[in-house]
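Reader: I have a structure open and a few things to ask about it. Can we go through them in turn?
Author: Go ahead.

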Amino acid sequence: MPMKLSVVMPVYNEEKTLEEIVAAVLATPYEIQLVLVNDASRDGTRKILDRLALEHDELEVYHHDINMGKGAALATGFKYVRGDVVLIQDADLEYDPGDYPLLLRPILEGKADVVYGSRFLGGAYVRVHLFWHYLGNRLLTLVSNMFTNLNLTDMETCYKVMKIEVAQKLDIQSRTFAVEPEMTAKIAKMRCRVFEVPISYAGRDYDEGKKIGLKDAFIAIWAIVRWHFAG
Ligand SMILES: Nc1nc2c(ncn2[C@@H]2O[C@H](COP(=O)(O)OP(=O)(O)O)[C@@H](O)[C@H]2O)c(=O)[nH]1
Ligand SMILES: [Mg+2]
């Protein structure tokens, strides 16, 4: 039986990139369920999403009434996934859906339960990182690894791919970007077979719409500790 892929896309004020990223996801060679969660965007996102949902049967669109953060958007999206494999896709164009075959391979070959796409393993291309952003990423990954005893190179990556059974057990609680360490801690506790693959990355600068900042780093550290000790 062919694999069905559920893509969960959290969307907050992404009117500039939304159509292009949706088209890129739908162009991948898989049977797709694309679950889009609009996190109460204040730009034209809602209108674009409602139109796209009419144009493409693969799309399911859900709207939050108030803005709650990426974690909350993922929690909503995860309620509706029905595929064999679940993949998280941000709505900007930093990550390339052309990497799906690479990301899915360890799962399709039966070796992995979870695959992380790493921006630090030498993908086909990677935009030079902002130095402090890079350092923050490495530091958060290091601290997360100390608690999970996994040796990831990119804990914060958007590209997290997992079998449906793993997705259904995750029970995401974090509303903010703390969702990345939360998922990682839970995946480690489930003793999943975790793989990494190199991916391409065309990072945005802050004036291009990047939103994550220093505050999120502190929230992430707290989340690493909290989800390590959570029962
Ligand atoms: N920043 C932010 N992103 C959100 C929120 N809700 C959903 N998202 C989506 O989460 C994804 C990651 O956000 P982004 O700002 O690109 O994070 P970054 O690339 O790590 O700086 C994007 O698809 C956003 O549209 C929110 O409240 N704030
Ligand atoms: Mg982004």
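Reader: Is Arg127 buried, partly exposed or exposed?
Author: This is a predicted model. In it Arg127 is partly exposed, with a relative accessible area of 38%.

Reader: Which residue forms a salt bridge with Arg127?
Author: Glu208 does, with the closest N and O atoms 3.2 Å apart. The two are 81 residues apart and link distant parts of the chain: Glu208 is in the loop between strand 7 and helix 8, Arg127 in the loop between strand 5 and helix 5. Glu208 counts as partly exposed, at 41% relative accessibility.

Reader: How many salt bridges in the whole structure?
Author: The search finds 16. Another one pairs Lys70 with Asp90, at 3.0 Å between the closest N and O atoms. Lys70 lies in helix 3 and Asp90 in the loop between strand 4 and helix 4, so this pair ties together parts that are 20 residues apart in sequence.

Reader: Is Lys70 buried or exposed?
Author: Buried, with a relative accessible area of 11%. Asp90 also counts as buried, at 14%. Salt bridges with shared partners join Lys70, Asp90, Lys160 and Glu180 into one network.

Reader: And Arg51, what does that pair with?
Author: Arg51 forms a salt bridge with Glu55, the closest N and O atoms being 3.3 Å apart. Both residues lie in helix 2, 4 residues apart, which is about one turn of the helix. Arg51 is partly exposed at 34%, and Glu55 is partly exposed at 46%.

Reader: How do strand 5 and strand 6 run, parallel or antiparallel?
Author: Antiparallel, joined by 3 bridges. Val114 has Met162 in strand 6 as its bridge partner.

Reader: Last one: where is Asn137?
Author: In helix 5, residues 131–148. Asn137 is buried, at 6% relative accessible area. The side chain of Asn137 makes a polar contact of 3.2 Å with that of Arg119. Beyond four places in sequence, the contacts of Asn137 are Arg119, Phe120, Asp154 and Glu156.

Key:
Residues numbered from 1 in each chain as written. Chains lettered and ligands numbered in written order. Predicted model: local features only at pLDDT ≥ 70, side-chain atom pairs only at ≥ 80, totals over all residues. Heavy atoms only, no water. Pairing = 2+ DSSP bridges. Buried < 20%, exposed > 50% of the residue type's maximum accessible area, 1.4 Å probe, protein only. Polar contact = N/O pair within 3.5 Å; in protein donor to acceptor, adjacent residues only side chain to side chain. Contact = heavy atoms within 4.5 Å. Salt bridge = Lys/Arg side-chain N within 4 Å of Asp/Glu carboxyl O.
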